[in-house]
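Welcome! Let's take a friendly walk through this structure, one topic at a time.

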Amino acid sequence: PFNKEEMQQLITNKKQELLSKAYIKKSEKYMKPLLELKKEETNIDIFFRLCLELQTLGQKMISMWNQEKKDRSQITLNDMETMTMAILNSKEGLLQDQYKWNFWFLDEYQDISLIQNNILNILSKGSQVFIVGDPQQSIYYFRGASTSVFQKKEEEAKTNTHSQIQYLTKNYRSCPELIAFFNDFFPETTFTKMKPVNDNYKKEKTVVFFNINKIMKSSDIKTSKEEGEWKAVLNRVNNLLKQGTKPGDIAVLARKNKPLQQLAWYLKKHQIPVHLHSSGSFKNRREVTDALFLLRFLLTPHDDENLIGLLRTPYCRIPDQTLVEWVQKNKQEEQNNTSSLWRFCIKENIYQPVIKELKYHLENTHKMGITLSFQQAILDLSFIDLSYYQDPTGVREANIWKLIYCLKDYETIGHNNLFAFADYLFFDSLSTESDDNASYSQNAISAIESTGIQLMTIHSAKGLEFKHVIIMNVRAGFRAKEGSAYFTGDQEIGKWALAVKSKIYRTNIEFAPSRDSLLLGEKKKRPEKSNKMGIEDKRIKSSAHKKIQEKHKENELKEFDRLLYVAATRAKETLSLIGAGTPEKNSWSDRFSFFSHLKPGSHQKKYYKYSVHQD
């Protein structure tokens, strides 16, 4: 945590900043924050004591929690990074001798986290390192990625006489007209200007389309911005299709999955083929469920309900009437001796090719292990072959291979409880997802070109390219991610801070402040809002807490801008930006000055043409 001297310095700096603003602007609105700073300054000892108590408690809890995760074989990627760093710090010399490579090639370096960077610095010390990255495309701040890591590495290279830096400014994807637009649209102070591969500009060609709709009015449908955007996307898609564009060459990008799911329904309603790359659908796919029946059979063959589910799949093709007869006959024999359906099938020597094949793969698990036997069974039972005939887009096949690779990854990173893996995917029993299992929920992307309009989030589109890109929600505002209300930290400086919770209790006589409230110098007052127990919870943030949160919000806003840059630069030929309603605060329409100059009609710039349509 911040020590007392650091806390005091932050308070002093903030007071000077507020006093300066109050003097220049002659405003009294800065008096309240100044009074709050004075209260905080008086109670620095209380804040610091609470931090030390939490640190002691946290160290004990973390030790117990880490041991519990080891016992359950639930070590996450973040845990592995922390453990690796601890090992390197304690046995760096030993590891340097055992694991040393002469050359390191590191791609996508803009998405690296601080701890990953520290690990790589130790392991690659003394070796030649080749780093590739574009900080303008850093969009994983929520996972710990920080552009400051890349910038520091760049500064180190500039001062190191043995380092070389090469700046790649040519854009090989987009047409020259679009590149000229990007250079005008994205501010040079934040984004580096790009160069086209050639200067063959078609100045009369319209490459950018702005479609800004007012909120639709309807007597029977609730007024919504979404409807205006759906209509604009539909119009743009229809125009492209009329020009002979293939549906698979059009991509609609959005920040979140929900608007894409709504748009998919709207486009299908208007007979437009779509291919929705949406998260949250992988576990619910039919082919994944069928494959999990097989996996769970290899793990627990005597689970009758699971076995019936497997035998009813298109890959086993046992008729329902046959299954009913087997179950009834087994129940008659169970009166004197309890037996599972699988034991019944083996005992009765039921001649069914699929039963014989399942028996072979079950016995094979003792020789090859569950994972390899599962993969072999998937191939032998024609899961892959049938998937292609059922779904020519290749998504079914991609999902089955993804399940196999997820299973292999699960084993590779140290998990040995395959029952937990199968049950997690089959029953979806976990309510939250870590970085490790988040990939298990996302639908696989087919290697076969889809025949529908591509709908995907901007994060999913990173690294891809499309002839025509449509970006939705350009007028939707940015909202900072909700972190802990009382705890926040900054990995770069290695510090964390608290906000203190103050409760004011209601009694029959008066509103009496709690002990913490008295310590913090709060006066008795009637709460404006209270819960059913008559208690008002109020957070009193320290200056350190506020400073870290302000830094996080600033970094998230910068990443929000980069998100639009990543989305726009997926386009090869045309780009469409669509929004509806009044621009919200900190929306892309609000943050990029190009939007403020838009007027309806077609507009010719030096190297490109753009059009603005308003309903």
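## A covered helix

In this predicted model, helix α11 is mostly covered, with 13 of its 14 residues buried.

## Salt bridges

Side chains of opposite charge can pair when their charged atoms come close. The structure holds 22 salt bridges. One of them joins the side chains of K69 and D79, at 2.8 Å from N to O. K69 belongs to helix α3 (residues 44-71) and D79 to helix α4 (residues 77-90), so this pair ties together parts that are ten residues apart in sequence. Both partners count as buried: K69 has 10% relative accessibility, and D79 has 12%.

Another salt bridge brings R591 and D561 together at 2.7 Å, N to O. Here the pair links distant parts of the chain, 30 residues apart, with R591 in helix α23 (residues 588-591) and D561 in helix α22 (residues 543-568). R591 is partly exposed at 33% relative accessibility, whereas D561 is buried at 12%.

## A nonpolar surface patch

Which residues form a nonpolar patch on the surface? They are F103, F105, F130 and V132, which together have about 450 Å² of accessible area. V132 sits in the loop between β2 (128-131) and α7 (147-159), and is partly exposed, with a relative accessible area of 34%.

## Cysteines

A disulfide is a covalent bond between the sulfur atoms of two cysteines. The count of disulfides here is zero. C175 is buried at 13% relative accessibility, and C316 is buried at 5%.

Notes:
Residues are numbered from 1 along each chain as its sequence is written. This is a predicted model: local features need pLDDT of at least 70, side-chain atom pairs count only at pLDDT 80 or more; totals for chains, interfaces and linings use all residues. Side-chain values use heavy atoms; hydrogens and water are left out. Patches are made of residues with over 30% relative accessible area and no salt bridge: like charges are joined within 9 Å, nonpolar side chains (Val, Leu, Ile, Met, Phe, Trp, Tyr) within 5 Å. Accessible areas come from the Shrake-Rupley method with a 1.4 Å probe; for residues, only the protein chains shown count as cover. A salt bridge is a side-chain nitrogen of Lys or Arg within 4 Å of a carboxyl oxygen of Asp or Glu. Helices (H or I, at least four residues) and strands (E, at least two) are DSSP runs, numbered from the N terminus. Buried means under 20% relative accessible area, exposed over 50%, partly exposed in between (1.4 Å probe, protein chains only). A disulfide is a pair of cysteine sulfur atoms within 2.5 Å.
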